[in-house]
Amino acid sequence: MDKKIIFNHDDLISDFGINANIGDENNKIIKENELENKLKSPLYNTKVTCPVCENVFNALTVKSSAYRMINKDSDFFIRYSLINPYFYDVWVCNSCGYAAMRSDFNTLRTIEIEQVSKLITSKWRGRTYPKIYDIHIAIERYKLSLLNYIVINAKSSKMAINCLKLAWMYRLLETENAKKLELKYLDQALERLKDAYYVEAFPLYGLDKYNIMYLIGELNRRTGHANDSLIWFSSVITTPEVKESLKRLARDMKDLIKKDEFKNKNSSSVSTENLKCSENNFDEEISTKKSSFLSKLFKR
Ligand SMILES: [Zn+2]
């Protein structure tokens, strides 16, 4: 599946300035320092051929040695120090506008390529991205990827994981508005993950059936559907094949629901009113016509 991805070490070397013409000793020291800094950089370029337009471009990639995991949220979101690998998970071809999460990038079928050309490339304007991405760029790229998944009518699991990662990015922003958007995308992730659970083959993005069962329970809990959440967690706990560590997690989350229910007995719990996004307003959020968020990337 990744046969078109080439790790081009020649490019890496020329990027490091190894072939540059160094005049004197001072220049040599400066160049050596630059080289050292670049070697220390947590990022490198992966040469990618776009399956839609065959443009070859460099995709920023995080070195696995640079991953510094701090902890994991209960919906499998991993928090990192140093550099955030999630920021670099979406690859974008700036020539045609095709974007997808890295593991899906080269899995397009002919009909899907035609759909991207027709509905994305024809309107694509593009933009220049900086050498290091921040949270806002990450959100933009996950939205662009989601738009591509919508256009090609991608499998539910792809849309679910894209929405989940988008929700995680909003979680990092820690503002009131971002919190609402996090819940909205968690809700979208939940709907699509349930579809995927019933029709797709496991594992999905490295998650086996029981991890997905747990995740559906947890996304229900986070979006205020306590009763549904308890049903899914109970299934995890009572299935003999499930690992003890996952059962423990499900029990912990069940306990959390009970505690929250007790706490919220006399006050309203998480309002799900603004989470009930129909297919229509989901598309509206992401649509090239109506969304100001992505409109700068497209021709009018
Ligand atoms: Zn392309």
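Colleague: What is the mean pLDDT of the protein chain, and what share of its residues reach 70 or more?

Modeller: This is a predicted model. Its protein chain has a mean pLDDT of 85, with 78% of the residues at 70 or more.

Colleague: Where does the pLDDT stay under 50?

Modeller: Residues 1–23 stay under 50, and for them the model has 28 contacts beyond four places in sequence. Residues 269–281 are also below 50, with 15 contacts beyond near neighbours in sequence. Where pLDDT is low, the predicted coordinates should not be read in detail.

Colleague: Turning to the fold, how many helices and strands are there?

Modeller: The protein chain has eleven helices and six strands. Of its 300 residues, 30% count as buried. Among contacts between residues at least 6 apart in sequence, 61% join residues at least 24 apart.

Colleague: How many bridges pair β1 with β2, and in which sense?

Modeller: Seven bridges pair β1 (residues 43–49) with β2 (residues 56–62), in the antiparallel sense. Tyr44 stands opposite Thr61 in β2. Six residues lie between the strands of this hairpin, where Glu54 takes a positive phi near 65°.

Colleague: And which strand do four bridges join to β3?

Modeller: That is β4 (residues 78–81), which runs antiparallel to β3 (residues 68–72). Here Arg68 stands opposite Ser81 in β4. The β3 and β4 hairpin has five residues between its strands, and Phe76 has a positive phi near 75°.

Colleague: What is Ala189 in contact with, leaving aside neighbours within four places in sequence?

Modeller: Ala189 is in contact with Ala160, Cys163, Leu164, Ala167 and Leu219.

Colleague: Could we look at α8? What span does it reach?

Modeller: Helix α8 has 13 residues and reaches 18 Å from its first C-alpha to its last, close to the 18 Å expected at 1.5 Å a residue.

Colleague: Which of its residues are buried?

Modeller: Ser229, Trp232, Phe233 and Val236 are buried in α8. Seen down the axis of α8, the buried residues fall within an arc of 100°, so they line one face of the helix. An α-helix has 3.6 residues a turn, so residues three or four places apart point the same way.

Colleague: What do those buried residues pack against, and what does the face turned away carry?

Modeller: The buried residues of α8 pack against α7 and α9. The face turned away from the buried side carries the exposed residues Asn227 and Thr238.

Colleague: Where does Asp252 lie, and why does Asp252 count as exposed?

Modeller: Asp252 lies in helix α9. Asp252 counts as exposed because it has 11 C-beta neighbours inside 10 Å, and the cut-off for exposed is 12 or fewer. Asp252 and Phe233 are 19 residues apart in sequence, with their C-alpha atoms 9.7 Å apart in space.

Notes. Residues are numbered from 1 along each chain as its sequence is written. This is a predicted model: local features need pLDDT of at least 70, side-chain atom pairs count only at pLDDT 80 or more; totals for chains, interfaces and linings use all residues. Helices (H or I, at least four residues) and strands (E, at least two) are DSSP runs, numbered from the N terminus. A residue is buried if 20 or more other C-beta atoms lie within 10 Å of its own, exposed if 12 or fewer, and partly exposed in between; C-beta atoms are placed from the backbone. Two residues are in contact if their C-beta atoms, placed from the backbone, lie within 7 Å. pLDDT is the predictor's confidence in each residue, from 0 to 100. Two strands pair if DSSP finds at least two bridges between them. The expected span of a helix is 1.5 Å times one less than its number of residues. The arc is that of the directions from the helix axis to the C-beta atoms.
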